Amino acid sequence: MIRRLALLGGVLLALAAVAAFAISTKPAASRVTVSAGQAAEVTSVTRSCPPSAPGAGTADIAMIAVPSQAASSSSAGTAKTAGAVPAGSATVSSVPAALGTPVANTAKGKPTAGGTPTPGSKASTSKNASTAKGTPAAPVTVAVPGAASTVTAPGGADGAGTSVSATGQMAEGFEAEQADSTGMGLVSCSHPSSDMWFVGSGEPDVWLYLTNSGTAQASVDVTILTDTGQQSGLADAITVAPNQVIAENVSPYVHGAQAIALHVQTSTGQIAASVWEGAGAGSGAWLPQAAAPSTTVVIPGLTVASSSARLFVTVPGATDAKLKVVAYTPAGAFTQFAGTPVQASAAATTPVTLSSLGASAAGLELTSNVPIVAGLLVPGAGIGSFTATAAPVVDQGVVAGNPATRGLTVGLLLTAPRAAATASVSVIDSDGTVTSPAALQDVTIAGGRTLAVAVPRPAGGKPFAIVLTPRSGSGPLYAARVVTSGTGGLSAEVASLLPVQSALTEITLRPVQNSYTAVLP
């Protein structure tokens, strides 16, 4: 009994000593707190651009940093962190293709190295992701904040991707796109991520590009959902080594599909994914990354000439979707398929033929009983152009690559599904000159409507950037950049569609405070 009491006393003394130490080392009563609403400048951004599209030759990279936009229109009530942001720079580097991975042939879009994977085979493994092909080209540095810049992709046309790392003011309001020879942005260079969706039509050629511009190996899982359900292709994880890009020919797994969706996820590391669809002979288009699954989604970008657009709805879950589809036009909201909800199958992608909207630009809102993802193919040059479910523009929306070539018309398709939205539009030239046309300084989009506005090209004939800035108090605003070819302005044939992405200059910090927690046995 005495020994037990002695043991108990020793334990109590030890606990008392630990408690005394904890009390003596805890933070002072006046805790350091970061208040809600404090903002910090964006000082580092990494973007990854895919290799050139099949048949496109060497690509260009259009980019711009717009550090002054948010600074001049910062939301009321926020306090910015102290300290000036250095000018910084954007470094454009080649990301070589992994040895043995197939590369799209410039003539027909077929693989020329590594062979075509057969259905059910392991298309890419760690053994061919460990060695890169060729010697990377020298990086290119751009250090001109506030000016539209276009550089040749360092990787050339050998299947290499491109990494863009921006710091300082070159990271504020930064946007980069892969562009064609006119300087027209075709696909956004994306942030590395662990979860991405792409929705398309299932053309004969489908290529998935996985770019790892980081320093850690990435393990990637790809789920393929077509109109006949989930496909077994690419069932094995794909390993992508640091600073490498892998091209996957998805065509054998979706042969004959009328609609497809690719869900790209990583179990380790992060990846930038891009998807290209084509009909052979270099005719094709990029699929924009779609917003995450939700029960309410908005697709901007139906042009005046897109009355026969095709909608594709993906249901990731195990329950069929019942959809309400509303088109917001300049004349108001029009419900598609009135009285008959659209049915979309679970674990599949369903093609939907839209009712004609006549000669009206529009944005679509889809409301569902279960989360969905959706994409849209708008008729135009070649196979047409794709748009997809998007997030509303916050802070500022930026499109870095816009052509100033005669015969092409550049415009914005602006949709405000809820309350009215007001925004300003500015044009930035390659020398940093900012043009703010008076007619585009207070563009108002009535609630439940879409407005198409033409954007005048600057003098000089060089590619330019567009900055779309929602005014304080505006309702949610969704936007797509459209380029048309030929006479007729924005009513002419569509050459390119690109959902407008938000390019942030600052981020709002969450409130934090010092704390101390001790767990005793």
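What volume does the largest cavity have? About 30 Å³, and the points below give the context. This is a predicted model, where local features need pLDDT of at least 70, side-chain atom pairs count only at pLDDT 80 or more, and totals for chains, interfaces and linings use all residues. Residues are numbered from 1 along each chain as its sequence is written, and side-chain values use heavy atoms, without hydrogens and water.

1. The cavity count comes to one of 30 Å³ or more (a cavity is a set of points on a 1 Å grid over the protein atoms alone where a 1.4 Å probe fits but cannot get out; lining residues have an atom within 4 Å of a point). The largest cavity has 10 lining residues, with Pro 50, Ser 52, Ala 59, Ala 153 and Thr 162 nearest its centre.

2. Four strands form an open sheet in the order β8-β4-β10-β11, with antiparallel pairing (strands are DSSP runs of E, at least two residues; two strands pair if DSSP finds at least two bridges between them). Because β8 (149-152) and β11 (185-188) each have a single partner strand, one side of each is left without a neighbour in the sheet.

3. Within that sheet, β4 (residues 60-65) and β10 (residues 174-179) pair over six bridges. Here Ala 65 stands opposite Phe 174.

4. One disulfide is found in the whole structure (cysteine sulfur atoms within 2.5 Å). It joins Cys 49 to Cys 189, S to S 2.0 Å. Cys 49 lies in strand β3 and Cys 189 in the loop between β11 and β12, so the pair ties together parts 140 residues apart in sequence.

How values were computed. 1 Å grid on protein atoms, 1.4 Å probe; cavity = no way out; pocket = protein on both sides within 12 Å on 5 of 7 lines; lining within 4 Å. Points joined across faces, edges and corners; volume = space filled by probe spheres on them.
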